[in-house]
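Please walk through this model from its helices to its sheets. The paragraphs below take one chain, then the contact between chains, then the other chain.

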Amino acid sequence: MNPTIIDISLWDLMTVYSLLLMSIGLAHLLKSGQGRDIFWAGLRMFVQLLLVGYVLHLVFALKTALPVLLVLVVMIGFAVQTIGARVQVKMPHFYRVVGTSILFGCGGMTFFFCILVIGLEPWYDPRYLIPLAGMVIGNSMTGASLAVERLNAEFRERREEIETALCLGSSVQLAAAPAVSSAFRAALIPSVNSMAAMGLVFLPGLMTGQILSGTEPLIAVKYQIAIMCVITGSVALTTFLILRLGYRSYFTPYQSLREE
Amino acid sequence: MRQAQPLLVAREVSFSRQAEAGQRLPILQETDLQVDSGEILAVVGPSGSGKSTLLRLFNRLLEPDRGQILLAGQDIRTLPPPLLRTRIPLVAQKPFLFSGTVRNNLQIPARLRRAALPDIEGPEIQEILDLCQVSPSWLDRDAHKLSIGQQQRVCVARSLVGPCQALLLDEPTSALDRPTADQLAQTFHQLARKRGLAMIFVTHDLRIIERCADCVVLLLDGTVVEEGPTDQVLHHPATDAAREFLSSDPMEKRTFAE
């Protein structure tokens with residue numbers, strides 16, 4: 001379809017892996033102690049991506065909805081697990097809150113774009129759905145872990161303030177409002193910053209990929225703009241859901257702060 | 001009209017805390033307490049005796065395992081917690097003021113309850129400020145620039161803005177120097193008498209209690225070991241446990257030395 005794309009042979013791959021050897025050499029030279037890390041990370045990358053490549057190859061070939069949805073569910077599962085590993089102190093019902101929020105936040109935004117905006121035909125076309133969902137979930141994952149961590153820190157730091165508000169007759173919603181808004185802000189900063197810097201410092205991955213595979217740059221740019229909007233929307237919605245579902249878990253049913 | 005029973009009553013309340021391995025650590029056992037409008041009840045005891053816990057049961061920052069707490073004859077669990085807390089505000093050990101001016105802080109309770117903002121210059125608030133000795137000249141100052149003693153006064157005044165019937169005091173004088181603490185104790189005394197507030201005053205400062213409390217309850221290891229009028233409990237304690245606690249208290253020794 002795209003005659004311009006140059007395939008990379010196995011031999012070519014081995015050649016670029018020599019760059020990792022060089023990095024290991026440099027790390028060794030400076031005694032940074034990362035030689036082993038670079039080796040294992042490089043190996044993991046190779047195995048993981050090769051596996052993903054084969055799975056995608058299979059899913060593309062099957063041309064049915066179920067395997068595509070299965071891949072998306074696995075992606076969400078990994079995302080939730082990654083957030084769980086990153087976040088030190090977990091709120092009560094952590095996995096339920098985060099899982100639900102990612103499912104609706106990322107799922108909702110991805111399908112909004114694929115079905116309502118670009119009108120994918122068939123709706124589950126894995127060539128679009130899987131990479132787009134991957135970008136959306138990946139970015140929302142970062143936002144979600146920032147939000148969860150920030151919310152927890154805010155509840156620790158603002159304990160006195162929240163309790164004072166409760167003692168003055170505040171509802172839990174109002175008492176938690178400053179903590180919730182600060183967590184939301186923290187989660188959205190990376191997306192907002194990357195939107196504002198887009199194109200100035202680097203060419204984003206999606207666009208680069210499309211251009212490499214022969215897409216007209218202007219189309220690639222439009223896709224990039226669209227996906228950034230979808231990502232920001234998804235980060236905002238996922239974070240909003242996590243905060244809305246999550247802040248209540250810091251309070252008791254009789255509207256006081258839970259003991260630490 | 002006088003109530004058939006005291007304004008605040010605790011009946012056989014017990015409270016335990018979650019300890020490791022699913023165990024419960026008892027904090028309060030079958031505690032009874034009562035205080036009427038216009039009265040100050042001091043709760044004294046060493047740290048860890050459960051006195052702050054007891055206080056926090058009254059506005060449901062904590063929930064007892066067993067027992068009942070009544071406000072004007074009504075079980076506090078029948079009131080929505082925000083309403084309960086406006087009727088029985090709590091003043092904490094360390095004053096906490098929100099950012100902004102003193103005026104802003106006095107309006108915050110109304111904001112948090114989504115009620116109409118009170119007129120700070122109106123007679124109602126002015127009377128509160130007067131009783132709490134909050135000077136009108138502080139109103140437009142940054143609340144965090146006041147001294148700790150002044151901040152605590154603003155906190156007391158702030159908690160009185162609203163339909164307040166009783167006041168919970170959690171060592172409100174312990175962050176203050178002696179003269180400031182004494183003045184604040186005087187203020188609590190005035191507030192109880194002039195506004196008919198019931199107060200539960202948790203402290204370990206026996207000197208302050210002598211200045212303002214009507215009755216004293218001595219709490220040791222989560223149990224009331226002695227209770228009665230202030231003078232009787234402090235100077236003629238009936239139990240050995242009370243005598244031991246009172247004589248071991250450094251504050252008390254200083255009082256004798258004066």
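Helix axes here are lines fitted to C-alpha atoms over the stretch in contact, and angles run from 0 to 180 degrees between N-to-C directions. Helices (H or I, at least four residues) and strands (E, at least two) are DSSP runs, numbered from the N terminus. The model is predicted: local features need pLDDT of at least 70, side-chain atom pairs count only at pLDDT 80 or more, and totals for chains, interfaces and linings use all residues. Residues are numbered from 1 along each chain as its sequence is written, and chains are lettered from A and ligands numbered from 1 in the order in which they are written.

Chain A has nine helices and zero strands. Its C-alpha atoms fill a box of roughly 70 × 55 × 35 Å along the principal axes. Of the 260 residues in chain A, 30% are buried. A residue is called buried if 20 or more other C-beta atoms lie within 10 Å of its own, exposed if 12 or fewer, and partly exposed in between, with C-beta atoms placed from the backbone. Two residues are in contact if their C-beta atoms, also placed from the backbone, lie within 7 Å. Among the contacts in chain A with a separation of 6 or more, 72% are between residues 24 or more positions apart.

Eight residues of domain 1 of chain A are in contact with 10 residues of domain 2 of chain A. On the domain 1 side, the touching residues divide into six nonpolar, two polar and no charged. In this classification Ala, Val, Leu, Ile, Met, Phe, Trp, Tyr, Cys and Pro count as nonpolar, Asp, Glu, Lys and Arg as charged, and the others, Gly among them, as polar.

Which helix axes of chain A come within 8 Å and cross at roughly 150 degrees? They are those of helix 2 (residues 35–62) and helix 3 (residues 65–86) of chain A. Helix 2 of chain A passes helix 3 of chain A in a left-handed crossing. The residues making this contact are A:Val55, A:Val59 and A:Leu62 of helix 2 and A:Pro67, A:Val68 and A:Val71 of helix 3 of chain A. By class, the contact has six nonpolar, no polar and no charged residues. A:Val55 counts as partly exposed because it has 15 C-beta neighbours inside 10 Å.

The crossing of helix 5 and helix 9 of chain A is right-handed. A crossing is left-handed if the near helix is turned anticlockwise from the far one by less than a right angle, and right-handed if clockwise. The contact of helix 5 with helix 9 of chain A has 13 nonpolar, seven polar and no charged residues.

After helix 9 (217–246) of chain A comes the segment that holds A:Arg248. A:Arg248 is partly exposed, because 18 other C-beta atoms lie within 10 Å. The C-alpha atoms of A:Arg248 and A:Met91 are 157 residues apart along the chain and separated by 9.9 Å.

The contact between the chains takes 19 residues from chain B and 15 residues from chain A. On the side of chain B that touches chain A, helix 2 of chain B gives the most, with five residues. By class, that side of chain B has 11 nonpolar, four polar and four charged residues.

Within chain B, an open sheet of four strands has the order 2-1-4-5, with antiparallel pairing. Strand 2 (24–35) and strand 5 (74–75) of chain B stand at the edges with a single partner strand each, so one side of each is left without a neighbour in the sheet. Two strands pair if DSSP finds at least two bridges between them. Strand 1 (residues 8–18) and strand 2 of chain B pair in the antiparallel sense over eight bridges, and B:Val13 stands opposite B:Thr31 in strand 2 of chain B.

Strand 3 (residues 40–44) of chain B has five of its five residues buried. B:Ile40, B:Ala42 and B:Val44 lie on one side of strand 3 of chain B, with B:Leu41 and B:Val43 on the other. Strand 3 of chain B pairs in the parallel sense with strand 8 (residues 198–203) of chain B over five bridges. Four bridges join strand 3 of chain B to strand 9 (residues 215–220) of chain B, also running parallel.
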